[in-house]
Amino acid sequence: MSFHRLIPATLSFADGVPYAPAFGDVYHSADGGLAQARHVFLGGNRLPERWRGARRFVILETGFGLGLNFLATWDAWRRDPQRAQTLHYVAIEKHPFHAADLERLHALWPELAPLSAALRSAWPPLMPGFHRLLLDGGQVVLTLVFGDIADCLPQIDAAVDAFYLDGFAPGKNPDMWAPQVLTRLNRVAAPHATLATYTVAAPVRQALAQAGFACEKRPGFGRKRDMLSAQFAPRWQPRAPRGVAERHAVVIGAGVAGSAACQRLATRGWQVTLIERHERPAREASGNLAGIMMPLMSRDDNQASRLARAAFLFGLRLWRELGGIGQAFAGEACGVLQLAADAEQAQLQRATVEELGFPGEFIRWLDAAEVGTLTGNPQLHGGWLFPQGAWVTPASLCEALLAACGERLRRRFAHDAAQLAFEDGAWQVRDAGGGLIAQAPVVIFANGTNTTAFPQTRELPVTPIRGQVTHLPASALPALPLVLCGECYVTRPVQGVCCVGATYNTAPDPQLRRDSQEKNLARLAQMLPQANPQERPLAGRDLTGRVGFRCVSADRMPLVGALPDHAAPIAGSRLRDVPRLPGVYGLLAYGSRGMLWSSLAAELLASMLEGEPLPVEAELALTLDPARFALKAHRRGGANAAKEECKEE
């Protein structure tokens, strides 16, 4: 999906009704917005009756507007004692409102004030892409898709039970009602899906009929004589619903990847057995004192940047649900400053911020003078400030995630998984002596490079990368108001020390090495000359620190999803043609960005397992597919092609 700068909606009114000057149309009927939402969209889809007794119900709205249809639906769901367990609401909006404008708009319906306040509290920064919001304790999941419908609709992966078609009138906003848009609705329609809209325009009815919807006119709302209701009744066989029948999984690895997986599955009602070879969580790659939470940026807003942005924002929201940084788990939401390496990179950073037009709450460009004031180093060139960036103690986060699982989690710590076999309809995980540790129909590998110790997964192209972090007494460094990243990173004080690092190489040595410490200190001195170890009594110290081994893939992106069956031949040229190990999944290769990837990756995998709408664009989910390397090797004509070497920095 190509980048288009997001243009927010303009707050305006015409005769007291919210109005869009860009389209010359109102957002709802002059006869009443809330009543229209209830009559046309809920009534036209036979809600709440149709969601009663369901485990999950999915709605897709084309044109979120001021969110009134969503609030009306949420309100009806809350009032219904027989409601679906989870309500998924996916909404596309090209020109979203600022939260402050929503507050003014929603004041017109004071009966919805509590829901409006909750929505505005979770409202995302206005940037293109998918934004997943967890509301009402996670039972209402709002996935906002900011962008043009022609670009966004093909990227939605969902099985939709009810459609709300609520763009501006076809004559005012023809792109929203174009046949090439409406005929694509069948791609995401669940069997027996329904649809409702206020318009009965003949081209709309014709396009919907072509898409497999049987349309009928019904009494309209207010002064509008007719509205349209439709039932998905295609001449072809609709796709079968996805999802796993038995909701029980074994997760191997209790770092941030495995802990997040447990929490996202347990929230959905899964029973989870967590296997960890150590006696406590986060003892390996997730065992550092501090992990940094910050997104990635690129001038062309490439796939890695889009994924990282979604991961960053979703992770922060999930952490707030847990209780917040510095409260439910150790850390500080102090901001992160990513320094430019030189004047040329500083110009690139500045141009990137200006061209993308992202809001200041997400990223700001700081010039050399501003950076000098923050860091005490006037020789720096400038940098990107991520005001919501943070550092977190991973072990503390893991404990909070696992505690949130409650009784749905069974811990099997101090057990080393060594064997995997499918017997009697379940995967059995055994230790080296053959003793059964746990079994379930679903197994999730979240144990980094240890995954390749199993015959079924040894061909995965993942590599251990050694990272050594240096611990300096907080008193040895100038006080910084935030986390600083450049040639290395330096945190604010964590348990009395500042973490500096980390090295990045393929050396297998698990012990602290002096040369690695010196490399960290040399890089620190480039950022903060006032901390130069040659000028401070640091060089002679017996410095402390920690060594961890991150798991990285050949393309440096995570592996999220069903793992390929390397023993089976590939009979096609697409990812869906790659045979998979049934019920075996991976959350792997987070590299040095475990804080960033863990929450969204776990949410993505849980959504796949449940058959829910995916939280990211379909093309981005494919970017993370663990089978991508097997397919690449197949296309090149050899299995060894997938084993690309990880280069030392």
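Two strands pair if DSSP finds at least two bridges between them. Helices (H or I, at least four residues) and strands (E, at least two) are DSSP runs, numbered from the N terminus.

What you see here is a predicted model, where local features need pLDDT of at least 70 and side-chain atom pairs count only at pLDDT 80 or more, while totals for chains, interfaces and linings use all residues. Residues are numbered from 1 along each chain as its sequence is written, and side-chain values use heavy atoms, leaving out hydrogens and water.

I start with the sheet. It is open, has 8 strands with mixed pairing, and runs in the order β17-β18-β16-β26-β27-β28-β25-β29. At the edges stand β17 (364-367) and β29 (544-553); each has a single partner strand, so one side of each has no neighbour in the sheet. The pairing of β17 with β18 (residues 382-386) is antiparallel, over 4 bridges, and R364 stands opposite L385 in β18.

Helix α11 (residues 368-375) packs on this sheet and touches β16 (336-339), β17, β18 and β26 (483-485). Its direction makes about 85° with that of β17. Axes here are lines fitted to C-alpha atoms, for helices over the stretch in contact, and angles run from 0 to 180 degrees between N-to-C directions. Contact means heavy atoms within 4.5 Å.

Next, a helix pair. α9 (residues 303-322) and α14 (residues 594-610) pack at about 85°, with axes 7 Å apart. They are therefore roughly perpendicular, a label for angles of 65 to 115 degrees. Among the residues making the contact are L307, F314 and W319 of α9, and W597 and L600 of α14.

Which residues touch the most other members of the largest nonpolar core? They are W319, I444 and L587, out of 89 residues. Such a core is a set of buried Ala, Val, Leu, Ile, Met, Phe, Trp, Tyr and Cys residues joined through side-chain atoms within 4.5 Å; buried means under 20% relative accessible area, with a 1.4 Å probe and protein chains only. Helix α9 gives the largest share of this core, 11 residues.

Last, M294, in the loop between β14 (291-293) and α9. Is M294 buried or exposed? It counts as buried, at 9% relative accessibility. Beyond its neighbours within four places in sequence, M294 contacts residues including F312, F386, C485 and L596.

Technical notes: Parallel < 35°, antiparallel > 145°, perpendicular 65-115°, else oblique. Buried < 20%, exposed > 50% of the residue type's maximum accessible area, 1.4 Å probe, protein only.
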